[in-house]
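Subject: Structure handover and notes

Dear colleague,

I am passing on the structure we talked about, and my notes follow below it. Please keep it open beside this email while you read.

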Amino acid sequence: MYDENLIRSIVAQVLSEVGPIPLGSAGNGGSSSAGRHGIFYDANAAVSAARAAFEQLRERPISDRRKAIDIIRKISIEQCEELGLMEMEETKIGRPEHKIEKLRTLGERSPGVEFLETKAFSGDHGIALIERAPFGVIGAITPVTHSLPTITGNAVSMIAGGNTVVVNPHPSGKRVAAEGVRRFNEAIHREIGIDNLICVIAEPTLESAEALFKNRDIALICVTGGPAVARAALNSGKRAIVAGPGNPPVVVDETADLDNAAKCIIQGAAYDNNLLCIAEKEVFVVESVFDAMMAAMRRAGAVQLNASQIAALTSKAIVKVGDDKHDAACKDFIGRDASVLAAAAGVSIPATCELLFGETDEHHPFVTVEQMMPFLPFVRARDVDHAIALAKHYEHGFRHTAIIHSRDVRNMTKMAREMDTTLFVKNGPCMASLGLGGEGYISFSIAGPTGEGVTTPYTFTRERRCSLIDDLNIV
Ligand code: NAD
């Protein structure tokens, strides 16, 4: 665990070294924006600058895209500690060690230009080449749960595809977003002579998001966030790539390796204090191994709350919102340490404890709500079919992520078919599905509702075909 004072002193030192983020007047877009390093206060000015950067990038070879991406990777890896702690200091949610690790991992493993493939068809009537072309300027909306990490992954994939991007970050993560973008652009500008490949709105609002949605030079929208922004993007009238909310259920059946299941569930659910959209949010365990699974969780280091402690925590961590007074996670508890939740439950826990858990019924708000807190509800199920049915119901049709711990391939297959989720993990923690301990690549924008899945450079390209008739086929 990181010392709070250490974080503050590092952040203060970094901010004193970098100085204030440069201000600029609204409407100052286009080529005159070189030197702004992507920091804008006006959405339309940012789009003009990103458009000018796109016009320059399209004249360059793909090796220049690779150079720009390599710079983003280098900064994300070498400066992950400073920037990760800055994000922690600003957002005050999650865990410092994971803020740092997320940046490093995105720098290392986000897919780049190598992901773009050209297809060719050759035959009696000549050849056809199918290539991947950029859209142009992409408008991106990013969440508070991973402000700079989402921008980093998006920037790598979008620039690999030949695009530029304007980001409207979450207001509570705007400062680290701007600082990261400033560092990326400054170094890219120095290396390849193009500024503003990534632009950011320094004072983001719903109005600046709306201005991006409406700007005619925004060719594509990519939003990462909860239900409201997902709806807004889908109603924008533009093509949208929507990485929306989840409520990932876990099923544990009677054949599972319970100690491995406990270890994996803690690793995934406690990561960054449960802020990941793919993180384990509720667990359905078949009756015959329920008590043994609870014992395995305790052995693995999680602390179990009893019914009255769960009720005390729930009364503070879940609130009623909206006209219909529906349950929602209380902002004061989202992404907070297990010790903060434990204090609310009236329990003191060892400093090493990363996750609280306890038995609830299926209707409990910690089951129904995407809580993003390190308390995990466990629900008894009669058998695996019942567990899968509950998992299906409480995933709420997001088709985002689901997890099973089992050695029975039939149960795995049954659940995978039933859930129909973008990510389905067997016998591992959630993040293994993003290549962290499993195979594959990483992105923090997982587009479920619009179907692109874990986004890559391919996601941010258009297909173009070029045909030569009756010639150049040589066999
Ligand atoms: P949020 O929905 O509160 O905010 C996300 C972004 O959308 C912010 O920049 C916010 O300012 C903006 N926004 C919200 N309403 C808007 C509207 N009507 N118009 C335009 N912009 C709007 O979410 P958050 O708390 O920042 O992040 C957590 C949520 O994001 C969770 O639901 C999580 O599951 C989801 N998420 C999904 C993925 C994924 O890849 N699918 C990744 C990370 C987070």
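How far does a backbone N or O atom of G226 lie from an oxygen atom of the ligand? Before the answer, please bear in mind that this is a predicted model. The distance is 2.8 Å, and it runs from the backbone N or O atom of G226 to an oxygen atom of the ligand.

Helix α3, which covers residues 62-78, and helix α6, which covers residues 147-160, have axes that come within 9 Å and cross at roughly 170°. An angle over 145 degrees counts as roughly antiparallel, and α3 and α6 are therefore roughly antiparallel to each other. Their crossing is left-handed. On the α3 side the contact is made by R65, A68, I69, I72, R73 and S76, while α6 contributes T152, A155, V156, I159 and A160. Sorted by class, this contact of α3 with α6 holds seven nonpolar, two polar and two charged residues.

Helix α10 (residues 258-270) packs with helix α11 (residues 287-299) at an angle of about 55°, and their axes are 8 Å apart. The two helices, α10 and α11, are therefore oblique to each other, and α10 passes α11 in a right-handed crossing. From α10 the contact takes in L258, D259, A261, A262, I265 and I266, and from α11 it takes in V289, A292, M293, A296, M297 and R299. By class, the contact of α10 with α11 has 10 nonpolar residues, two charged residues and no polar ones.

Finally, helix α4 (residues 80-91) and helix α7 (residues 174-192) have axes that come within 8 Å and cross at roughly 160°, which makes α4 roughly antiparallel to α7. Here E82, L83, M86, E87 and E90 of α4 meet K174, R175, V176, E179, G180 and R183 of α7. The residues in this contact of α4 with α7 divide into seven charged, three nonpolar and one polar.

Technical notes: Residues numbered from 1 in each chain as written. Predicted model: local features only at pLDDT ≥ 70, side-chain atom pairs only at ≥ 80, totals over all residues. Heavy atoms only, no water. Axes fitted to C-alpha atoms, helices over the stretch in contact; angles between N-to-C directions. Helix = DSSP H or I, 4+ residues; strand = E, 2+ residues; numbered from the N terminus. Parallel < 35°, antiparallel > 145°, perpendicular 65-115°, else oblique. Left-handed = near helix turned anticlockwise from the far one by under 90°. Contact = heavy atoms within 4.5 Å. Nonpolar A, V, L, I, M, F, W, Y, C, P; charged D, E, K, R; others polar. Polar contact = N/O pair within 3.5 Å; in protein donor to acceptor, adjacent residues only side chain to side chain.
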